[in-house]
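Welcome! Please take a moment to look over the sequence and the 3D view before reading on.

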Amino acid sequence: MNRPPAASDAADHAALILAIAQRQDRAAFATLFAYFAPRVKAWMLRAGVPPTGAEELAQETLLMVWRKAKLFDPARAGASTWIFAIARNLRLDVLRRERHPSELLAEEAADEDAETAPAADHAFDQREREVRIRAALATLPVEQATVIRKAFFEDKAHGDIEKELGIPLGTVKSRMRLAMNRLRAALGDVV
Amino acid sequence: MTTTTIRHHPSEATLLAYAAGTLPAALALVAATHLARCPVCRDMVAAAEAIGGTLLDSLSPAEMEVDVAAVDQVLERAGLPPAAPAPVLHPDLAPPLNRVRMGRWWPIGRGVRWRPLHVGGRAWAGLLLAQPGRSIPSHGHAGLELTCLLSGGFRDGGEEYAAGDVAEPVGEHDTPPVAIGAEPCLCVVGFEGMRFHGWLGLAQRLGRW
């Protein structure tokens, strides 16, 4: 039976993805699925995806984790960040038939340094990065946290947020700039 | 990948939208062209993606229809191969533009040509080539617009832009941007809701995008 998943399992999550990459570990996949699939589904539902589509996108995201596990580099991103990006790209692909250009850049990088092996030394930095960002997000002023959450949870670019909140585009952009600067300051030397 | 001369970057709002996946594909492609050259903005996007990961972590789990304890049935579908990587179609262009399908060049005025990119979605993108001294066609903005310079230079609103720089204008251009320097100005432009005047407006209405 699976361990009860908790948010503090970030390092374990990275190790589970590596276990899939190294030996197609089905138990590792089961633990990741139990933790992330319901959260990806929750995110899709908040972004306005109907329940059936949200369920499918959540399952497909985790299947993509299984298929792409060998590409996971703990030195570049934490497990949650990596899975977030997979879910984001899949949602664009399925719902808008758009391809996120990060995939084109990744293919370029893969062509260039196909021989570079992932370095596990930086895994701690990436975990630390997610911890610091979580703490900084919690202390953002309400109006800055609002534009960040709308950007991530409601599928709204700054032009749409301008219309919805009835505040000028310049104000939306300056709130995002202030928020990003605070978060970057919180990251300090782990960036 | 040169990084030395970049002075103009996309706004934090644009990089955040790129990371969140809310930037229309055409604009995201322009941002990615800049990102391929700019480690500063790559760091910013990495931080923004970490926000996405953190927020994903913080969500209350939704109830799954599939039995999460019986993932073997989910893994039965894992045999499907991931989509093939996009081939390099234009080795002469910087990434990620080298892998993007595009149409032919269209003359859209004296010394100015336009080549539509096939990116899909609700916004448009294309390559714009202007001979030295020629102005970029005048236009107004009804939405977001992003330009990344690939080679040559242009002057807009008293600012000069060089290869790798991004212009992110707000509202109408008082005077059209002008190609400067000795070599032609090549840039990639993405926009939503922009209305060109003159020749480019005609091409836009004829659907040559």
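## Where two helices meet

In helix 4 of chain A, the residues A:Phe84, A:Arg88 and A:Arg91 meet B:Tyr18, B:Ala19 and B:Ala20 of helix 1 of chain B; contact here means heavy atoms within 4.5 Å. Sorted by class, this contact has four nonpolar, no polar and two charged residues. Ala, Val, Leu, Ile, Met, Phe, Trp, Tyr, Cys and Pro count as nonpolar, Asp, Glu, Lys and Arg as charged, and the others, Gly among them, as polar.

The two partners are helix 4 (residues 79-96) of chain A and helix 1 (residues 12-20) of chain B, and they pack at an angle of about 85° with their axes 9 Å apart. Helix 4 of chain A is therefore roughly perpendicular to helix 1 of chain B. On this scale, angles under 35 degrees count as roughly parallel, over 145 as roughly antiparallel, 65 to 115 as roughly perpendicular and the rest as oblique. Axes are lines fitted to C-alpha atoms, for helices over the stretch in contact, and angles run from 0 to 180 degrees between N-to-C directions.

A word on the source: this is a predicted model, in which local features need pLDDT of at least 70, side-chain atom pairs count only at pLDDT 80 or more, and totals for chains, interfaces and linings use all residues. Residues are numbered from 1 along each chain as its sequence is written, chains are lettered from A and ligands numbered from 1 in the order in which they are written, and side-chain values use heavy atoms, with hydrogens and water left out.

## Chain A and one of its residues

Chain A has nine helices and zero strands; helices (H or I, at least four residues) and strands (E, at least two) are DSSP runs, numbered from the N terminus. Of its 191 residues, 52% count as buried, where buried means under 20% relative accessible area, exposed over 50% and partly exposed in between (1.4 Å probe, protein chains only).

A:Glu107 belongs to helix 5 (residues 101-112) of chain A. This residue counts as buried because its relative accessibility is 13%. Leaving aside neighbours within four places in sequence, A:Glu107 is in contact with A:Arg99, B:Pro85, B:Ala86 and B:Arg99.

## Cysteines

How many disulfides does a search of the whole structure find? Zero, over all chains; a disulfide is a pair of cysteine sulfur atoms within 2.5 Å.

| Cysteine in no disulfide | Nearest cysteine sulfur | Distance |
|---|---|---|
| B:Cys41 | B:Cys38 | 3.7 Å |
| B:Cys185 | B:Cys187 | 4.4 Å |

B:Cys41 counts as buried at 3% relative accessibility, and B:Cys185 counts as buried at 0%.
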